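Take a walk through this model with the coordinates open beside you.

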Amino acid sequence: MAESFDVIVIGGGAAGLMCALTAGQRGRSVLVVEHANRVGKKILMSGGGRCNFTNTGTGPGNFLSANPHYCKSALARYTPADFITLVEKHGIAYHEKELGQLFCDESSKQIVRMLLDECAAAGVRIETGCSVERVAGGDGGYVLDTTLGRFTASSLVIASGGLSIPSMGASGFGYQLARQFGHDVLPTQAGLVPLTLSGTHSQRLQDLSGVSFPVEASCNGQSFRNFMLITHRGVSGPSILQISSYWRPGDELLLDLLPGEDAQVWLREQRQARSAAELRTVLGDVLPKRFAQRLCEAWFASKPMRQYDERELRDIATQLQQWPLVASGTEGYRTAEVTLGGVDTRTLSSSTMESRHVRGLYFIGEVVDVTGWLGGYNFQWAWASGHAAGEVV
Ligand code: FDA
């Protein structure tokens with residue numbers, strides 16, 4: 001005998017739990033099916049264990065999607081303020097780190113606890129360690145064969161996330177189901193991910209692993225000013241993670257190593273004020289000394305400032321502000337925070353997240369082709385899209 005529910009949600013992550021508790025609060029009977037041994041694993045590991053649960057400045061411009069308008073409706077109807085109200089209702093202390101990013105003061109476990117408490121109060125049933133073997137039906141009637149038996153529902157919500165961090169339970173399951181029901185899946189790619197270097201670039205920087213400093217990284221018309229970290233295999237840090245979502249192999253990626261400065265004016269001033277100082281010393285005052293030293297060994301010849309003529313200073317300034325970073329690739333899904341691409345939004349309703357092909361089938365969260373910047377935007381999309389579907393399933 002199959003057990004029947006109004007709604008089955010596949011995936012007990014951020015989006016799935018938000019959808020489940022919203023639907024449960026409306027009196028719908030809801031089952032969440034999670035194949036991992038516990039729900040919300042990515043929430044637990046997020047934000048260095050403190051979960052950057054939203055960003056107060058969230059807007060559609062903080063997301064990548066083939067259809068940049070798609071996320072607007074859901075984001076407008078469930079805002080960061082709505083999620084903050086929920087967090088405060090549960091007495092969870094939080095703080096703003098920078099740029100509108102809100103983190104728990106104590107632990108990301110509090111966010112998972114909050115979602116589970118809300119689900120319990122709304123009568124949601126959650127089954128962990130439950131793998132879906134087959135989904136059949138469609139148009140308002142779904143049958144799921146799982147390792148815990150057969151379940152049926154009139155609404156089926158796919159909240160199974162993207163491909164990032166397979167060891168946390170990520171799978172391509174949502175994309176397979178989308179295709180099964182006639183949806184296109186746009187090509188996926190690791191996003192918010194460290195970049196790798198090879199060849200000369202790698203050799204010149206490898207032993208500086210751990211060195212970090214502010215840069216402005218630019219690629220394909222997008223720029224992010226924040227820290228860059230040199231790693232054993234390449235570069236990481238917030239500016240690189242952000243720009244990685246805009247970079248494709250072969251694309252030009254430029255770094256401004258003196259963001260906010262006019263390097264040529266600054267170099268001229270240094271030549272005037274410290275004419276006997278070598279370039280490496282001057283650069284070592286504004287960049288990490290080891291990196292400045294390496295720049296002058298590998299890229300520019302260092303000599304006393306007074307010996308540089310105008311043309312040389314202009315060339316150095318250009319290189320400092322448009323330093324070409326030749327990335328060989330990314331670290332891939334193993335370390336990526338998100339997956340770009342996914343279920344094509346053209347065949348989903350932007351107000352309800354329901355399929356336009358098949359009645360009662362919904363896609364929410366990261367499985368959809370909507371990907372946020374670093375800084376709490378991805379969870380806000382998970383909450384907003386989960387809430388939008390939860391209100392109608
Ligand atoms: P999510 O991946 O959270 O959940 C999907 C669930 O479905 C998982 O529990 C998975 O096990 C389950 N599942 C998959 N296949 C299944 C199947 N076949 N059957 C049953 N269940 C299945 N974002 C942010 O805004 N702030 C932050 O601080 C961070 N930090 C961060 C750190 C790290 C290390 C990572 C990897 C990611 C982040 N993110 C983030 C991104 C954020 O975690 C991500 O965008 C959301 O978790 C997406 O929520 P979803 O619910 O869509 O997927």
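Predicted model: local features only at pLDDT ≥ 70, side-chain atom pairs only at ≥ 80, totals over all residues.

How many bridges join strand 13 to strand 16, and in which sense do the two strands run? Three bridges link them, and the strands run antiparallel. Strand 16 covers residues 254-256.

Strand 13 spans residues 212-219 and strand 14 spans residues 222-230; they are antiparallel, with eight bridges. Cysteine 219 is bridged to glutamine 222 of strand 14. The two strands make a hairpin, with two residues between them. In that turn, asparagine 220 has a positive phi of about 50°. Strands of a sheet pair through backbone hydrogen bonds, either parallel or antiparallel.

Now step back to the whole chain. The protein chain holds 13 helices and 21 strands. Its C-alpha trace spans about 85 × 40 × 35 Å along the principal axes. Of its 393 residues, 47% are buried. Take the contacts with a separation of 6 or more: 72% of them link residues 24 or more positions apart.

The domain assignment gives two parts. Domain 1 comprises 3-190 + 339-390, and domain 2 comprises 195-330. Their centres, taken over C-alpha atoms, are 39 Å apart. Six residues from domain 1 and five residues from domain 2 form the contact. On the side of domain 1 that touches domain 2, five residues are nonpolar, one is polar and none is charged.

What about the core? The largest nonpolar core has 113 residues. Those touching the most other members are Ile8, Val9, Cys19, Ala20, Val157, Phe363 and Ile364. Domain 1 and domain 2 both give residues to this core, so it lies between them. In soluble globular proteins, nonpolar side chains tend to be buried together.

Setting aside its neighbours within four places in sequence, cysteine 19 contacts Val9, Val157, Ala159, Ile364, Gly386, Ala389 and Gly390.

Three strands form an open sheet in the order 3-6-5, with antiparallel pairing. Strand 3 (52-55) and strand 5 (94-96) each have a single partner strand and stand at the edges, so one side of each lacks a neighbour in the sheet. On average, neighbouring strands here are turned by 25° against each other, direction ignored. Strand 5 pairs with strand 6 (residues 101-104) over three antiparallel bridges. Within that pair, histidine 95 has phenylalanine 103 of strand 6 as its bridge partner. Helix 4 (residues 80-89) lies across strand 3 and strand 5, and runs at about 140° to strand 3.

Two leucines deserve a look. Leucine 99 sits in the loop between strand 5 and strand 6. Its phi is near 50°, a positive value in a residue other than glycine. Leucine 192 is in the loop between strand 11 (185-191) and strand 12 (195-197). Leucine 192, also not a glycine, has a positive phi of about 50°.

Leucine 192 counts as buried because it has 25 C-beta neighbours inside 10 Å. The cut-off for buried is 20 or more.

Definitions and conventions:
Residues numbered from 1 in each chain as written. Domains from an automatic or database assignment. Contact = placed C-beta atoms within 7 Å. Nonpolar A, V, L, I, M, F, W, Y, C, P; charged D, E, K, R; others polar. Core = buried A, V, L, I, M, F, W, Y, C linked by C-beta atoms within 7 Å. Buried ≥ 20, exposed ≤ 12 C-beta atoms within 10 Å, placed from the backbone. Pairing = 2+ DSSP bridges. Helix = DSSP H or I, 4+ residues; strand = E, 2+ residues; numbered from the N terminus. Axes fitted to C-alpha atoms, helices over the stretch in contact; angles between N-to-C directions.
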